[in-house]
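I opened my notebook to write down what I looked up, one entry at a time. The model goes here first.

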Amino acid sequence: MYDDHDELRRQTLRDWAHLLAGLALGLAVGIVVWKVKPWSEDQDLVRYREVRDYVRANYVREKDANELLEQSLHGMVEALDPYSRFYGADEVEAMRRETSGQYRGIGVVFAPPVADARVLFTLPQSPARKAGIRVGDKLVRVAGREVSGLAPGELRALLGKQDQGPVEVAVLGLDQLERSTRIGAEELVDPSVRHARIVDAELGIGYVALLSFSQETDEEFDAELERLRAQGLKALVLDLRGNLGGVLRSAVRIANRFLERGLIVSHESREETQRFEADPDLATLRGMPLVVLVDGESASASEVLAAALQEHRVAVVIGQPTYGKGMVQQVKSFGDEMIVKLVSSYYYTPSHRNLERTVEGAWSVGVIPDVQMALTQAENDALRAWRASYSPPEEALAAIAEWERAEGRKLAPAPPPDAHLDAALELLRGRSPGAYSEQSRP
């Protein structure tokens with residue numbers, strides 16, 4: 001007699017048998033896999049630990065685990081391409097200063113030689129300015145320590161400590177009288193816009209050098225241009241030589257000052273394209289005659305700016321072909337002690353040209369100037385050093401000149417001969433600047 005209850009029992013027993021067999025097989029496979037690869041770790045991490053432990057146990061010198069980790073991360077990221085970077089604990093602060101445009105200090109620029117600790121001038125709104133530090137003051141003691149006995153770098157470290165309040169500073173003035181004041185370090189903007197000045201008062205031609213692009217650069221640029229406009233600015237020479245790039249947003253905003261409409265730059269990753277279009281409301285300098293100076297060290301964001309101005313025909317570019325770096329880098333922090341700067345996409349100019357010289361089919365350089373002019377190595381070196389210096393504020397010029405007359409020597413940096421700037425001025429004056437190679441120079 002057919003009993004469906006018996007059949008159900010038999011089916012249930014078969015199901016349990018299959019389930020138990022499956023569990024046994026799964027457990028066996030799991031044990032084998034566990035022997036080869038622990039469930040809690042990826043195989044590459046297992047290999048890293050094995051190699052790390054071997055190095056620590058057998059290398060001729062003792063190695064810290066954190067040191068080996070940082071070296072490994074450096075290798076992994078920096079082997080990807082020439083631009084991706086890993087920043088460990090010792091490099092994070094410098095990298096953040098580079099992109100933020102800020103540093104911690106009291107805001108003084110020393111006269112040469114810097115070891116003498118004599119103040120050439122103070123930066124506007126700086127703690128040193130507020131504390132009454134004047135042109136020519138010599139720092140004698142800081143926090144009770146004689147400055148003359150400090151090792152190189154110790155003075156800056158004393159004045160810029162994060163965990164201290166105002167410190168006692170004794171100074172000796174040009175009048176040979178000693179006085180004391182208290183100065184506390186603050187977060188200050190390290191100017192990336194330098195040497196802004198009128199170079200032809202009759203025609204109102206101004207000059208501005210952009211050393212890099214930080215988060216502060218576009219606001220610095222606007223402030224300096226407003227100051228020059230008050231002095232009669234009608235045309236501009238924008239110096240991007242030696243500018244290795246930086247924060248794209250600042251470069252785009254400066255380009256927008258001259259461009260009323262159109263594409264400034266786009267960047268394209270594996271997944272998306274981002275376009276940066278000019279905003280007419282931000283084109284505060286539209287129509288201003290403009291010459292841009294570039295050289296082989298102009299790279300990345302400075303090439304984006306030069307290319308946008310050139311391709312929209314609002315500027316003439318003079319100098320030497322630029323570096324050819326068209327990769328966009330995104331920055332990510334891992335805790336407070338690690339930063340990765342990773343190439344994530346390519347820049348494209350308004351004409352959709354990829355500036356990156358390492359990609360297949362690319363040009364060997366970036367932006368090609370409208371007027372190409374080579375400088376000698378000595379000229380380049382002198383100009384690079386001068387661009388990196390700080391220009392005294394107008395309110396300090398008279399005191400510095402008096403000090404220079406008393407000492408019989410030049411203290412404030414003076415601009416060296418500059419054939420590129422001369423050519424730009426000739427062009428803005430309505431004359432042909434000419435073009436010549438280094439080999440044809442006298």
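**Entry: the whole chain.** I counted helices and strands and got 12 helices and 19 strands in the chain. Both are DSSP runs, numbered from the N terminus: helices are H or I with at least four residues, strands are E with at least two. I have to remember that this is a predicted model, where local features need pLDDT of at least 70 and side-chain atom pairs count only at pLDDT 80 or more, while totals for chains, interfaces and linings use all residues. Residues are numbered from 1 along each chain as its sequence is written, and side-chain values use heavy atoms, with hydrogens and water left out.

Next I looked up burial: 42% of the 442 residues count as buried. Buried means under 20% relative accessible area, exposed means over 50%, and partly exposed is in between (1.4 Å probe, protein chains only). The chain exposes about 24400 Å², and carbon and sulfur atoms supply 54% of that. Those areas come from the Shrake-Rupley method with a 1.4 Å probe; for residues, only the protein chains shown count as cover.

I also checked contacts, meaning heavy atoms within 4.5 Å. Of those between residues at least 6 apart in sequence, 66% join residues at least 24 apart.

**Entry: H2 and H3.** Two packed helices are described by the angle between their axes and the distance between the axes. For H2 (residues 43-58) and H3 (residues 65-78), I found axes that come within 11 Å and cross at roughly 130 degrees. The axes are lines fitted to C-alpha atoms, for helices over the stretch in contact, and angles run from 0 to 180 degrees between N-to-C directions. H2 and H3 are therefore oblique to each other.

The crossing of H2 and H3 is right-handed. That word applies if the near helix is turned clockwise from the far one by less than a right angle, and left-handed if anticlockwise. On the H2 side I listed Tyr48, Arg52, Val55 and Arg56, which meet Ala65, Leu68, Leu69 and Ser72 in H3. By class, this contact of H2 with H3 has five nonpolar, one polar and two charged residues. Here Ala, Val, Leu, Ile, Met, Phe, Trp, Tyr, Cys and Pro count as nonpolar, Asp, Glu, Lys and Arg as charged, and the others, Gly among them, as polar.

Entry: Is H8 enclosed or open? I found nine of its 11 residues buried, so H8 is largely enclosed by the rest of the structure. Among the buried ones are Leu248, Ala251, Ile254 and Phe258.

One partner is H7 (residues 217-230): its axis and that of H8 (residues 248-258) come within 8 Å and cross at roughly 35 degrees. The residues I noted from H7 are Thr217, Asp218, Phe221 and Asp222, and they meet Arg249, Ser250, Arg253, Ile254, Arg257 and Phe258 in H8. I sorted this contact of H7 with H8 into three nonpolar, two polar and five charged residues.

Another partner is H9 (residues 301-311), and the axes of H8 and H9 come within 9 Å and cross at roughly 20 degrees. That makes H8 roughly parallel to H9. Leu248, Ala251, Ile254, Ala255 and Phe258 of H8 make the contact with Ala301, Val304, Leu305 and Leu309 of H9. The classes here came out as nine nonpolar, no polar and no charged.

**Entry: a few single residues.** Ser214 sits in the loop between strand E11 (205-210) and H7, and at 2% relative accessibility Ser214 counts as buried. Between Ser214 and Leu248 I read 34 residues in sequence and 8.6 Å in space, C-alpha to C-alpha.

His420 belongs to helix H12 (residues 419-428). His420 is buried, with a relative accessible area of 0%.

Entry: Which peptide bond is cis? I found the one from Pro112 to Pro113, with omega near -5 degrees. Pro113 lies in the loop between strand E3 (108-110) and strand E4 (119-122).

Definitions and conventions: Parallel < 35°, antiparallel > 145°, perpendicular 65-115°, else oblique.
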